Amino acid sequence: MSITKKAKQLGPEKIYDMLLGARTADKITLHLKDGRAVHGALIFNPFKGTGRVINIEQEVSVDFAVDDIRDLKIA
């Protein structure tokens, strides 16, 4: 018998609520289902369910959909 660990994943409704609350935060950390972690400022469009995280120090921006998110931390 093998034991498997399930990665921590939040439900889409919880993630959506967290994104709405994080819109005014200076920085967030977004953990995506593909394994990437992105740090930066959040832009979120609640009507489309999409957004972008912008890291000005690394000059990187990542687009996402709510379904792509595994976890969200407000820094």
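Predicted model: local features only at pLDDT ≥ 70, side-chain atom pairs only at ≥ 80, totals over all residues.
Me: Which residues of helix H1 (residues 12-22) are buried?
Reply: Residues are numbered from 1 along each chain as its sequence is written, and side-chain values use heavy atoms, leaving out hydrogens and water. Buried means under 20% relative accessible area, exposed over 50%, partly exposed in between (1.4 Å probe, protein chains only). In H1, the buried residues are Ile15, Leu19 and Ala22.

Me: Why do the buried residues of H1 line one face of the helix?
Reply: The arc here is that of the directions from the helix axis to the C-beta atoms. On the other side of H1, Glu13 and Asp17 are exposed. Seen down the axis of H1, the buried residues line one face because they fall within an arc of 70°.

Me: What is the pattern of the protein along the sequence?
Reply: Helices (H or I, at least four residues) and strands (E, at least two) are DSSP runs, numbered from the N terminus. The protein has one helix and five strands. Read along the sequence, the pattern is α-β-β-β-β-β.

Me: Which backbone nitrogen does the side chain of Asn55 reach?
Reply: Asn55 is found in strand S3 (residues 50-55), and counts as buried at 9% relative accessibility. Its side chain reaches the backbone oxygen of His39 at 3.1 Å. At 3.0 Å, the side chain of Asn55 also reaches the backbone nitrogen of Glu57.

Definitions and conventions
Polar contact = N/O pair within 3.5 Å; in protein donor to acceptor, adjacent residues only side chain to side chain.
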